[in-house]
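Trainee: Could you take me through one part of this protein up close? I'd like to hear about the salt bridges.

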Amino acid sequence: MGRIELEIYTPGYVPNGREVAVIETARGTVRAELFGRETPVTVGNFIELAAKGFYDNLKFHARKPGSVVLGGCPTTRTMGPAQVLAAAQGAIRGMHPGTGDARYTIIDEWEGNPRNRHVLGSLCMAHKSAPNSGSCQFYFSLGEQPEFDDKYTVFGQVTEGLEVIEQLAIGDAIRSIAIEGADEEALAAAIARETPRPPTPQEALAAIEHERAERAAGEAAAVAGEAAE
C-alpha cells in the first residue's frame with residue numbers, strides 16, 4: 001500500500017497578535033511571544049494544539065548543542081525519559097521519536113516574513129524535506145543560524161526562560177502549554193471543529209476490500225444477466 005498523503009490544514013483560530021505561549025517543561029517555565037500577525041497559520045495551529053492538550057507529556061526527542069532542541073512528536077507521549085533517549089539513539093526497535101505528526105500538515109510561512117530570523121530563543125516549526133510538511137513538531141533555536149532562515153518558519157521568540165531551553169535534554173517532558181492573550185470564545189469554537197484525518201491502515205484496507213467486493217458483485221450480476229438472456 002502506498003504512502004498516505006496528509007491533508008494541508010488551515011486552522012480555524014485566527015491569532016490576534018497578542019498571544020503568548022507559557023511552556024512548562026521538566027527544566028522550568030519558558031514564555032514565548034507568538035508571531036501571530038506574521039505567521040497566522042503556524043501560530044493558529046500551535047495554539048489550537050496547545051488548547052487541546054496535544055503537547056501535554058510529550059518529550060524533547062532531539063538536541064544538537066548550539067543548534068536546536070526539538071520536541072512535540074506524539075510518538076513520545078507514553079515513553080519515559082530513558083526510553084526516549086534510548087530510542088533516539090536507535091537502541092529500541094520499532095520506536096522512532098521524531099516521526100509523528102498531528103495527522104495533517106500546514107503551509108510554510110518563512111518566505112516574506114521579516115521576523116524569520118534564527119537567533120537564540122527563536123521558536124520554530126519543524127518539517128520534513130517536502131514543502132508544507134510541518135505539523136506539530138517544533139524546536140528552539142540555540143543560537144544564530146541564518147542558514148535556516150529560508151527553510152523553516154520562525155513563529156515566536158522566547159522572552160523568559162532562555163536558561164531553561166539551554167538546559168533542555170533529550171527525554172525532558174513538556175508538561176503543558178498554556179496560551180495567554182487568546183480570544184477564548186474564538187479558540188473554543190476553533191478547537192471544536194474536526195481536523196483532517198487520513199484513513200488508518202485498517203480503514204484503508206477495509207475500503208479496498210469493499211471496493212473489490214462491489215466489483216465482484218457487479219461482475220457476477222453481469223454474468224448472471226448474460227446467462228438469463
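This is a predicted model: local features need pLDDT of at least 70, side-chain atom pairs count only at pLDDT 80 or more; totals for chains, interfaces and linings use all residues.

Mentor: The protein chain has five helices and nine strands, and 42% of its 229 residues count as buried. Now to the charges: side chains of opposite charge can pair when their charged atoms come close. Searching the whole structure turns up six salt bridges.

Let's start with Arg27 and Asp172, whose side chains meet at 2.6 Å, N to O. These two are 145 residues apart: Arg27 sits in the loop between β1 and β2, while Asp172 sits in the loop between α3 and β9.

Next come Glu38 and Arg115, which form a salt bridge at 3.6 Å, N to O. This pair also links distant parts of the chain, with Glu38 in the loop between β2 and α1, Arg115 in the loop between α2 and β6, and 77 residues separating them. Glu38 is partly exposed at 27% relative accessible area, and Arg115 is partly exposed at 32%.

Then look at Asp150 and Lys151, a salt bridge with its closest N and O atoms 3.5 Å apart. Here Asp150 is partly exposed at 44%, and Lys151 is partly exposed at 42%.

Conventions:
Residues are numbered from 1 along each chain as its sequence is written. Side-chain values use heavy atoms; hydrogens and water are left out. Helices (H or I, at least four residues) and strands (E, at least two) are DSSP runs, numbered from the N terminus. Buried means under 20% relative accessible area, exposed over 50%, partly exposed in between (1.4 Å probe, protein chains only). A salt bridge is a side-chain nitrogen of Lys or Arg within 4 Å of a carboxyl oxygen of Asp or Glu.
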